[in-house]
Amino acid sequence: MGNFLLTPAEWILKVSISHPVRRLILTMIFLTSLRQTFSHPQCLDYQPPFKPFAHLEFCNQYEKFGCCDQKNDNLIAERYWDIMDLLGDEGYELCGNLVKDILCQECSPYAAHLYDAEDPYTPVRHLPGLCFTYCSDFHIKCHFVVKYLTDSKILLQSCDQDRLRFCNLINLADQDYCYPNVVKNNDLYSNLGKVVEDPKGCLQLCLTEVANGLRNPVLMLHSGDDTYRMFVAEQLGFVWVFLRDGSRVEHPFLDLSGDVLTTPWLGDERGFLGMAFHPQHRNNGRFFIYYSILVNSQLEKIRISEMKVSAHDMNMADPNSERILLEIEEPAANHNGGQLLFGLDGYLYIFTGDGGKAGDPFGNFGNSQNKSTLLGKVLRIDVDGSSEDGKPYKIPPDNPFINQPDARPEVYAFGVRNMWRCSVDRGHPVSSYGRGRIFCGDVGQNRYEEIDIIVKGGNYGWRAKEGFECFDIKLCQNSSLDDILPIYAYGHDVGKSVTGGYVYRGCQSPNLNGLYIFGDFMSGRLMALEEDSSSGSWKERNVCMGDVQTCSFPDLINHHHKFIISFAEDESGELYFLATSYPNTISPFGTIYKFMDPSRRAPPGKCKIKPRPVKVKGKKVPFVPRELTVLDTSIIPTRPPLKGMKFTTEPTVTRLLTVSTTAMSKQKMLIGTISKKSQHVKEKKAPLLKLKPKGKNASVMAKKKAPPHQKNTLQPTKNVVNVDEKNVETSLKGSHKGQKIKPIKPVKPTKLTKKDIKSITAKKTKKTKEGKVKPKTKAQSPQKPVARPRESDNETKQPVTPKPQKGSRQQQKAAGKLTPNKG
């Protein structure tokens, strides 16, 4: 029983050198240590750490990077000063710095590791993991403070009786991560906040599943009208509306399945291919579509049309509003292009393919180099008017070839093969650098895939060149070619069909800002390009899915379907991609994924948005994820689940101390350091708890998501679960997934009268003098409920100003040196 309380190293020393299991024990501990050594920075809310948006006044050692914003910092400071008020000047001088360091570990970027909260299936410690030497020093000087930091019966008893036992309970087996060693480890802190790379330099990102069950989803875009809706188009000709809450409107926004030319053939490139909302869509309801049609059962064309939203339903297009702008004959079934987008100039850009077949065999130079045809081009038109010759659009006056008699005036750039997915760069959020650039992925022939930035009048080389190399030798050597080289090209050993992406300009993943993220349809490979601002060149940054350790956050996955069809950007700039496991128009395996950087996030509150209300007529189909998250598929949790503890929904009866009303109310607020993750419940008497060994049974129990960790934030409950020393973790930490827990309902707080207080205190303490116990004031409001509302903690506390006392602590506090910024 005593061995359980020793550190692993001390336990091994007690084992005989010749003991047959010694080698096995050493191996197990080494593997455990290895897992922990590569622990990922994580906060107590199971999310990555961040750079605080505002200055931290109290836990300012974590103001550059950690897990606290100014609000959390103020709450920790409040708890700290309440403890100091209870300790007095002597206690402040002796223990003030130590208590501050312990409380501020909630702000550490490794808070989850310090509190054993690296996944939601395990209980959270009441106190952070302290290194043994530091804990011993703390206990010698300040053991009397522990009762203000935790209500754990085991910790309190061990603190009073045995310093060695207490510090063994608080210590972490992995000495790299216990406090204060964790802040002195340069290997851990040198790369904090940087996007994680594997040994080969691959950026490890994670994903969240956004939508599923789609049939070859070819595009997703927002309407730019502040509703934050996303419109997802299937190749068959259906367009669906997805709302901000993840649900889908039951009826389609648009159904052109009867007009769109497509087949269930694997890899058929025809169908509904493009869509763009007018920049003033919120006011005029206009949008534009690009799709394949079959005329007279034999002639294939692509059609670009204008449509409007229904006057009666903002989530449905008016089926009778279609106005055809342009039709282009397609000589083959492949290379149909399909991108529509509006530039910052307000003009509509149309990206067409070269007409199909292999090597652009049309005419002497191919369609792409022939400016008198619309195939193999980037076209630009003005859709806010009509031309004198009867066309339902105008030609922008600065189009580059408007005055050339052998060129179509719509041509903006040429020499492209089959650009699949283009995007407009929003620009750097501060400097606006790069704003308005158009990036495109151009699918290659036999050897290379390329990424281009489109400029007015540019010749992108096809069919003379493929990537950086010559494809047609005669055309390639023509001195008049004057082609623009791609910013990046890759060979077919990497992938065989590029899917253009976006430059990340969102808010939630600051590390990704400025990266152009794209992929390959055939290989399923995700890639990124990073610009050298001094030279203007671009270098590759490989993207891979994070490992289990990196993506062990709620709702995150580290896998996706192979065939990457398209990328998308929502109204706030966050990036997504669309993929399927079987690329044909009738297979409902299309899934939408959102990128997430697990190493750093934006500070809380920075990325808040206020969507415009959306009126939905009819039903909404809720989103039901299908992909297993990393936590769902984790074989062995950090610790095995526990069984046997039961809870009731009855309010807790607390002990009252014979102190002043101010001190009493403050002390109730202090108990339970991590109150923002706790729930106040009364525990029934239960049989002794036994820890189950790790293994298959443990992993099965861990597959379902655990409820929020439950701990008392006031005094210990009247009935405390009895545990022996082998079950210390039960008392050290909160409730657990493996325990049977009845639903907890919010309980309306009740105020204790003077008569009630006297009745309770009479059972617990000696009689107090008349007038010492006053009616209870409102209790402290919870800091940050995680999921369900807590009982009793939802009371609010009346602010109390402590009486000034003599001594340096009050002088410093009054001078504002350690007082948190309340504003």
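**Entry 1: helices α5 and α7**

I began with a pair of helices: α5 and α7 lie oblique to each other, because oblique covers the angles left over once under 35 degrees counts as roughly parallel, over 145 as roughly antiparallel and 65 to 115 as roughly perpendicular. Their axes cross at roughly 135 degrees and come within 9 Å. Axes here are lines fitted to C-alpha atoms, for helices over the stretch in contact, and angles run from 0 to 180 degrees between N-to-C directions. The crossing of α5 and α7 is right-handed. I noted the rule: right-handed means the near helix is turned clockwise from the far one by less than a right angle, left-handed means anticlockwise.

I noted the source too: this is a predicted model, where local features need pLDDT of at least 70, side-chain atom pairs count only at pLDDT 80 or more, and totals for chains, interfaces and linings use all residues. Residues are numbered from 1 along each chain as its sequence is written, and side-chain values use heavy atoms, with hydrogens and water left out.

Helix α5 spans residues 132-142, and helix α7 spans residues 163-170. Helices (H or I, at least four residues) and strands (E, at least two) are DSSP runs, numbered from the N terminus.

Which residues of α5 meet α7? I found F132, C135, S136, H139 and I140. On the α7 side they meet R163, L164, F166, C167, N168 and I170. Contact means heavy atoms within 4.5 Å. The residues of this contact divide into 7 nonpolar, 3 polar and 1 charged. Nonpolar covers Ala, Val, Leu, Ile, Met, Phe, Trp, Tyr, Cys and Pro; charged covers Asp, Glu, Lys and Arg; the others, Gly among them, are polar.

**Entry 2: α5 and α3**

I turned to α3. The axes of α3 and α5 come within 10 Å and cross at roughly 135 degrees. That makes α3 oblique to α5. This crossing is left-handed. From α3, the contact uses L94, C95, L98, D101 and I102. From α5, it uses Y134, F138, K141 and C142. By class I read 7 nonpolar, no polar and 2 charged residues.

Then I listed the buried residues of α5: Y134, C135, S136, F138, H139 and C142. Buried means under 20% relative accessible area, exposed over 50%, and partly exposed in between (1.4 Å probe, protein chains only). The buried residues of α5 pack against α3 (70-103), α6 (153-161) and α7. An α-helix has 3.6 residues a turn, so residues three or four places apart point the same way.

**Entry 3: a four-stranded sheet**

In what order do the 4 strands of the open sheet lie? I read β15-β16-β17-β20, with antiparallel pairing. Strands pair if DSSP finds at least two bridges between them. The edge strands, β15 (419-424) and β20 (488-491), each pair on one side only. C422 has its bridge partner, C440, in β16.

**Entry 4: V621**

Is V621 buried or partly exposed? It counts as partly exposed, because its relative accessibility is 30%. V621 is found in strand β28 (residues 620-621). Leaving aside neighbours within four places in sequence, V621 is in contact with S247, R248 and E250. I also checked L243, 378 residues from V621 along the chain: their C-alpha atoms are separated by 10.0 Å.

**Entry 5: the whole chain**

Last, I looked up the totals. The protein chain has 17 helices and 30 strands. Of its 823 residues, 55% count as buried.
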